[in-house]
Amino acid sequence: MRRGSFFDRIFSLVYPDTCPYCGRIIGNIDVKCRDCEKSIKYSFSVREISDGVVCVSPFQYNGKVRDAIRHFKFEGCKRYAWNFAFEMAKAIDLKFPLEKFSAVMPVPIYKSRKKDRGYNQAGSLADELGNILNIPSIEILEKIKNTAPQYTIKDYKERINNVQGVYKANYLCEDSQERLLVCDDIVTSGATLKECVRTLKSVGFKNISCVTISNAKS
Ligand SMILES: [Zn+2]
């Protein structure tokens, strides 16, 4: 599977693609370098988020995967979205073989944070996943309150409180058959995904599944 856009492929000619896990130059159809292909463990997991809604992840949040996600999230390595989305698509296929999703949506971030970072990492993942799965990527939810990042809060109850009522749905579900995929970079307590699912259900979405690059809970 090639990288999505024409622009990305031209960009790759000027700035070669690098392995997200070690920084070595790789070909533009390679997901990672040969060494990392051998050493990065694919550790597929399925977590229950809320009634009947699960989150699948191809990796645990540790070692080189954790470093790669930090580079992706905080150091402007937006292009790694394709590499991660490729691994996420494999996890989706393992849990939901032959299932066709209607759309993928990112967990939203507050607009000022998106402005500071220049992109929403979950939005980049959703766009790449949409290309790979051949489904639209739609921003159904909006974050309407600027809250402290979840990773700065340790207590589970406080994490739940921190995200309560922070999302607003911009669409109503018009088709009860719609199969929605919600994507984010990491699932830790699951509180963020749980609140997204609750908000989506409140506007009629019934069939929801989640996917992240990594699972921070073993
Ligand atoms: Zn590598």
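Helix 6 is followed by asparagine 134, which has a positive phi near 60°; helices (H or I, at least four residues) and strands (E, at least two) are DSSP runs numbered from the N terminus. The model is predicted, with local features requiring pLDDT of at least 70 and side-chain atom pairs counting only at pLDDT 80 or more, whereas totals for chains, interfaces and linings use all residues. Residue numbering starts from 1 along each chain as its sequence is written.

At 1.5 Å a residue, the 13 residues of helix 6 should span 18 Å, and the end C-alpha atoms of helix 6 are 18 Å apart, in agreement; the expected span is 1.5 Å times one less than the number of residues. Helix 6 is mostly covered, with 11 of its 13 residues buried. A residue is buried if 20 or more other C-beta atoms lie within 10 Å of its own, exposed if 12 or fewer, and partly exposed in between, with C-beta atoms placed from the backbone. The buried residues of helix 6 are Gln121, Ala122, Gly123, Ser124, Leu125, Ala126, Asp127, Glu128, Leu129, Gly130 and Asn131. Their cover includes helix 3 (63-74), helix 4, strand 4 (103-106) and strand 7 (179-187).

For helix 4, the 16 residues should span 22 Å at 1.5 Å a residue, which agrees with a separation of 23 Å between its end C-alpha atoms. Buried positions in helix 4 include Tyr80, Trp82, Phe84, Met88 and Ile92. The elements covering the buried residues of helix 4 include strand 2 (53-57), strand 3 (59-60), helix 3, helix 6, strand 7 and strand 8 (207-215).

Two packed helices are described by the angle between their axes and the distance between the axes. Helix 4 (residues 80-95) and helix 6 (residues 121-133) pack at an angle of about 55°, and their axes are 8 Å apart. Axes are lines fitted to C-alpha atoms, for helices over the stretch in contact, and angles run from 0 to 180 degrees between N-to-C directions. Helix 4 is therefore oblique to helix 6, given that angles under 35 degrees count as roughly parallel, over 145 as roughly antiparallel, 65 to 115 as roughly perpendicular and the rest as oblique. Ala81, Trp82, Phe84, Ala85, Phe86, Met88 and Ala89 of helix 4 make the contact with Ser124, Leu125, Glu128, Leu129, Ile132 and Leu133 of helix 6; residues are in contact if their C-beta atoms, placed from the backbone, lie within 7 Å. By class, this contact of helix 4 with helix 6 has 11 nonpolar, one polar and one charged residues. Ala, Val, Leu, Ile, Met, Phe, Trp, Tyr, Cys and Pro count as nonpolar, Asp, Glu, Lys and Arg as charged, and the others, Gly among them, as polar.

The axes of helix 7 (residues 156-163) and helix 8 (residues 191-202) come within 9 Å and cross at roughly 40°, so that helix 7 and helix 8 are oblique to each other. Their contact is made by Arg159, Ile160 and Val163 of helix 7 and Ala191, Thr192 and Glu195 of helix 8. The residues of the contact of helix 7 with helix 8 comprise three nonpolar, one polar and two charged.

Serine 189 lies in the loop between strand 7 and helix 8 and counts as buried, with 21 C-beta neighbours inside 10 Å. Leaving aside neighbours within four places in sequence, serine 189 is in contact with Tyr156 and Arg159. Proline 149, in the loop between strand 5 (141-143) and helix 7, counts as exposed because it has 9 C-beta neighbours inside 10 Å.

Notes:
Contact = placed C-beta atoms within 7 Å.
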